[in-house]
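This report describes a model with the sequence and coordinates shown below. The headings follow the chains, their contact and the core.

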Amino acid sequence: MSEDNLTPREGGGDRDPILEADALPHRGRKPFVLHEWLREKLALIGRMTRHQARFFLIMLGASWGVIYESFRSHSWRRTVRYEFGVTLNSVVGGGLIATLFSGTLTGVAAVSQTIYWLGLAGLAKMTGSILINVVIREIAPILVGILLLGRNGMLSVTELGLLTTGGQVRSMQAQGLDPFLLLVMPRTLAFTLGGFTLGILFSFAALLTGYVISRISGVITNPVWTFFYDVVVAMSPADYLIIPLKFITVGFVVGLGGCLTGLTATNEDNLRTLLPRGFSRGLLIVMAVSVLFSLDL
Amino acid sequence: MDIRTVGPLLELNKAVPSFEESGLPPVPFSMRVMPGECVVVEARDPENATQFADMCSGLVPLDEGSVKFMGLDWTELHDREVNALRGRIGRITHRASWPTFLGTHLAITLQQLHHTNRPMDEVVAEAARLSEQFGLPGLPVLRPGLLSSADLLRAGCVRAFMGRPRLLLLEDPLEASPVELERAFLSALTDARDKGAGVIWLVRNNAIWQGYQQGVTSMWRLADDGLVAVRTG
């Protein structure tokens with residue numbers, strides 16, 4: 001300690017060494033250095049880009065993880081099978097009525113109108129292909145995706161989010177229970193299977209209702225099997241691949257997105273931040289998948 | 001995975017926990033727990049006790065040193081091996097540990113059902129037997145949120161002693177517990193030790209373990225400068 005510091009300071013003296021030291025960095029401004037400034041701006045852009053792409057990259061990695069683990073027999077322990085069964089029951093059993101009802105409404109609103117207006121325009125031969133391209137390929141996956149997201153996806157977001165922020169996920173890890181294996185994989189695969197099942201049921205309900213309405217109103221006189229035959233004939237070979245693939249993919253991404261949104265919650269999150277985030281992400285994912293499959297296919 | 005069946009069950013060898021990840025003091029921790037031993041660790045802060053138990057389970061990253069369980073260093077194992085080893089640890093924790101979407105019966109048996117091939121009937125029978133031993137009328141099937149805190153504590157004890165745990169990490173289950181739980185707990189503890197389990201019993205208050213003083217192998221205190229050995233008796 002120097003002698004200067006040992007000298008007693010008079011009350012109300014002119015210099016306070018502590019305050020002086022605190023004020024020192026503010027006294028002089030740093031000189032402008034171009035490459036420092038550029039580096040800071042680039043770092044900012046990088047941080048923002050990484051932040052925005054973070055969830056997308058997590059989704060990509062986790063998608064591969066789910067597919068990879070699902071083919072390993074060791075992954076399918078009885079606890080994992082149980083979670084798969086419970087989630088599948090909840091997705092298909094719980095969403096069945098809502099899906100059939102939505103399909104019926106779509107049949108009334110879209111299918112019967114399509115049949116009516118195409119008949120009026122003398123384009124009745126195009127009915128099958130229009131229904132396949134518009135209702136089954138475009139509308140059905142989006143509506144089924146939204147139903148999945150609203151009924152079960154948001155449930156996964158909430159459940160896993162609360163487990164993560166509450167510390168239960170950490171406790172599961174302490175017991176050797178991997179949340180990815182125990183929760184994410186079976187739930188995602190149940191959503192996948194559920195998406196396909198509900199998509200096919202939705203399409204069938206929409207077409208059948210559309211036919212019934214058109215038949216009652218006298219727009220068409222064909223028997224039901226002729227109507228369905230026309231629809232099936234209008235399908236191209238690619239449709240047999242793309243339509244199921246679209247339902248499967250929508251279910252997969254909705255399930256995975258919901259689980260990951262929940263598992264990536266931080267201590268600062270609560271239901272007010274988790275639910276809007278989960279819903280907007282889920283909706284974006286469904287739309288992105290729909291658009292992706294519509295790109296020149 | 002070559003598991004050692006002799007030698008220390010748990011070995012903290014100058015393990016320095018990451019302060020950012022755990023909040024534990026970043027000083028070397030050294031301790032050994034042999035099969036059948038019961039080590040009492042006095043930790044005044046429950047959060048530190050939980051983090052210390054996490055460190056023993058290989059959940060806390062280390063800046064230096066190593067933590068070995070059954071002769072295996074946590075950091076040198078793959079995820080599957082780590083999870084399989086953790087399946088051999090029975091734990092009672094202050095941290096929320098009951099998944100809200102499962103019934104209590106499933107949460108109790110989950111670890112056994114996940115890590116073993118034991119028949120379901122056998123697992124359920126053991127869970128029911130332990131439930132009665134700890135003072136429950138049977139295996140609770142209600143959701144954890146519907147159980148009283150005393151019953152949840154009993155269920156936590158059942159879960160920790162299920163199967164044949166090799167290591168028990170017990171975060172003060174007797175604090176604020178019903179009086180009749182003490183006898184059942186100490187009895188289960190002795191049984192587990194007889195079968196070769198090592199026990200780390202984390203306590204806040206020294207008075208709690210005095211009834212089991214003769215069974216305690218060693219006593220430590222979790223302080224700001226790490227683990228300090230305390231003379232017993």
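In which sense do strand E4 (residues 62-69) of chain B and E5(B) pair, and over how many bridges? The pairing is antiparallel and runs over 2 bridges.

## Basis of the model

This is a predicted model, in which local features need pLDDT of at least 70, side-chain atom pairs count only at pLDDT 80 or more, and totals for chains, interfaces and linings use all residues. Residues are numbered from 1 along each chain as its sequence is written, while chains are lettered from A and ligands numbered from 1 in the order in which they are written.

## Sheet in chain B

E4 and E5 belong to an open sheet of 4 strands in chain B, ordered E2-E1-E4-E5 with antiparallel pairing. Strands are DSSP runs of E with at least two residues, helices are runs of H or I with at least four, and both are numbered from the N terminus; two strands pair if DSSP finds at least two bridges between them. Strand E2 (29-33) and strand E5 (72-73) of chain B are the edges, each pairing on one side only. B:Phe69 stands opposite B:Leu72 in E5(B).

## Chain A

Chain A has 10 helices and 0 strands. Of its 297 residues, 36% count as buried (20 or more other C-beta atoms within 10 Å of the residue's own, with C-beta atoms placed from the backbone). Among contacts in chain A with a separation of 6 or more, 91% are between residues 24 or more positions apart; a contact requires C-beta atoms, placed from the backbone, within 7 Å.

An unreviewed UniProt entry places the feature "transmembrane region" at residues 53-71, 91-118, 189-212, 248-266 and 278-295 of chain A; such annotations may be inferred rather than shown by experiment. In the model, residues 189-212 of chain A are 100% helix, with end C-alpha atoms 35 Å apart. Residues 278-295 of chain A are 94% helix and 0% strand, and the end C-alpha atoms lie 26 Å apart.

## Contact between the chains

On the chain B side, 23 residues are in contact with 17 residues of chain A. Helix H3 (79-86) and helix H4 (104-115) of chain B are the elements that give two or more residues to this side. Its residues divide into 9 nonpolar, 9 polar and 5 charged.

## Nonpolar core

The largest nonpolar core holds 121 residues; such a core is a set of buried Ala, Val, Leu, Ile, Met, Phe, Trp, Tyr and Cys residues joined through C-beta atoms within 7 Å. B:Phe52 and B:Leu202 touch the most other members, and helix H5 (residues 127-166) of chain A gives the most to this core, with 17 residues.

Definitions and conventions:
Buried ≥ 20, exposed ≤ 12 C-beta atoms within 10 Å, placed from the backbone. Contact = placed C-beta atoms within 7 Å. Nonpolar A, V, L, I, M, F, W, Y, C, P; charged D, E, K, R; others polar.
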